[in-house]
Structures are given as C-alpha cells and as structure tokens.
Amino acid sequence: MTFLENLRAFQEGRLMYSVEEVGPNINVLHTEVIPGQEGCDFCSVSWDKGWIYETDFDDGWWACLECSELIENDDEEGLFVRSVEDAERRFGRMDAEAIPLVTAMVTTQQRKFLRGKTGVRVRDDNV
Ligand SMILES: [Zn+2]
C-alpha cells in the first residue's frame, strides 16, 4: 500500500465525519476522533502524558510533552517535522503524490491551531 492508502485506512478507523449545513449551499465538514482512539493531535509517539490547549474554533487540542515543548517554543518547523516523521514511520515513505498533499494538510492544520489557541496550556495526563 502507498503512504496515502495507509493514511486513509488509519483515518477511517480513527475519525468520525459529519456535515453541518450553515447556509444555502454552504456546508462545513467536521471531524472528530472516535472515543477510545484519542492521542496526541500532532504525533502519535506519546499518548500518556501531555497538555490540553483551548482553541477558539473547536473543543481544543491535546499535545504530548514533546509536541507541547515545540509549541511553547514557537518551533513551528520542529512541530511539522515531528508530525511528518511520525506519519512516515506509521504509513511508509511518502511518494511524489503524498508529499504536497501531506505538507499542505499538516501546515494548514498546525497554522490553524497556532493562530486559534487561546490561554495557557493545562496539564492532562492519561495515566
Ligand atoms: Zn505529540
């Protein structure tokens, strides 16, 4: 299987999708993690100890200790690299089709988070 096939199979087992009609011909796609499948919203390396960040656009994001340190240090590039390296470990090496798609997806999501996070992080350990 290619990187994108592996990624889609993973998302199908982990994410729920719903469509909200917000106006005539305007639909918003919502994604939610299936209960029991939660983990770091940036990587899946550590799922036990971390932090919650409130955002102004959804229910908040959960970050493991390592990702949270990158966020606190405004290391956007480090956060991107960590997410992509983790994805390649799980789904295989990205090919020419996957690289632009994954780069755009990760960059868009992480920028949305970094612009929308509010207040300070709150410790939340799942152990
Ligand atoms: Zn993480």
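V122 counts as exposed, because its C-beta atom has 10 C-beta neighbours inside 10 Å and the limit for an exposed residue is 12 or fewer. The residue is found in strand β5 of this predicted model. Leaving aside neighbours within four places in sequence, V122 is in contact with W51 and I52. For I52 the separation along the chain is 70 residues, while the C-alpha atoms of V122 and I52 are separated by 5.1 Å.

V120 lies in strand β5 as well, a strand that covers residues 117-123. V120 is exposed, with 9 other C-beta atoms within 10 Å. Its C-alpha atom is 9.8 Å from that of W51, a residue 69 places away in sequence.

## Overall fold

The protein chain has four helices and five strands. Read from the N terminus, the order of elements is α-β-β-β-β-α-α-α-β. The radius of gyration is 15 Å, close to the 14 Å that the globule rule gives for 127 residues, so the chain is as compact as a globular protein of that length. Along the principal axes, the C-alpha trace spans about 40 × 35 × 30 Å.

Of the 127 residues, 18% count as buried. Among contacts between residues at least 6 apart in sequence, 49% join residues at least 24 apart.

## Packing of α2 against α3

Two packed helices are described by the angle between their axes and the distance between the axes. For α2 and α3 the angle is about 155 degrees and the axes are 8 Å apart. That makes α2 roughly antiparallel to α3, because angles over 145 degrees fall in that class. The crossing of α2 past α3 is left-handed.

On the α2 side, the residues that meet α3 are E66, C67, L70 and I71; on the α3 side they are G78, L79 and R82. By class, the residues of this contact divide into four nonpolar, one polar and two charged.

## Packing of α3 against α4

Helix α3 (residues 76-91) and helix α4 (residues 98-116) pack at an angle of about 135 degrees, and their axes are 10 Å apart. α3 passes α4 in a right-handed crossing.

The α3 residues in this contact are E76, L79, F80, S83, V84 and A87, which meet V102, V106, T107, Q110 and L114 in α4. The contact has seven nonpolar, three polar and one charged residues. L79 of α3 is listed in the contact with α4 and also in the contact with α2.

## Q110 in helix α4

Q110 is found in helix α4. Not counting residues up to four places away in sequence, Q110 touches E76, L79 and F80, residues that are listed on the α3 side of the contact with α4.

Q110 is partly exposed, with 18 other C-beta atoms within 10 Å, because a buried residue needs 20 or more and an exposed one has 12 or fewer. The C-alpha atoms of Q110 and S68 are separated by 12 Å, and the two residues are 42 apart along the chain.

## Loop residues with positive phi

Most residues other than glycine have a negative phi. N25 is not a glycine, yet its phi is positive, at about 60 degrees. N25 is found in the loop between β1 (15-23) and β2 (26-33). With 5 C-beta neighbours inside 10 Å, N25 counts as exposed.

D74 also has a positive phi, near 55 degrees, in a residue other than glycine. Its place is the loop between α2 (65-72) and α3, the two helices that pack with their axes 8 Å apart. D74 counts as exposed, with 10 C-beta neighbours inside 10 Å.

Definitions and conventions: Residues are numbered from 1 along each chain as its sequence is written. This is a predicted model: local features need pLDDT of at least 70, side-chain atom pairs count only at pLDDT 80 or more; totals for chains, interfaces and linings use all residues. Axes are lines fitted to C-alpha atoms, for helices over the stretch in contact, and angles run from 0 to 180 degrees between N-to-C directions. A crossing is left-handed if the near helix is turned anticlockwise from the far one by less than a right angle, and right-handed if clockwise. Two residues are in contact if their C-beta atoms, placed from the backbone, lie within 7 Å. Ala, Val, Leu, Ile, Met, Phe, Trp, Tyr, Cys and Pro count as nonpolar, Asp, Glu, Lys and Arg as charged, and the others, Gly among them, as polar. The radius of gyration is taken over C-alpha atoms; the globule rule is 2.2 Å times the number of residues to the power 0.38. Angles under 35 degrees count as roughly parallel, over 145 as roughly antiparallel, 65 to 115 as roughly perpendicular and the rest as oblique.
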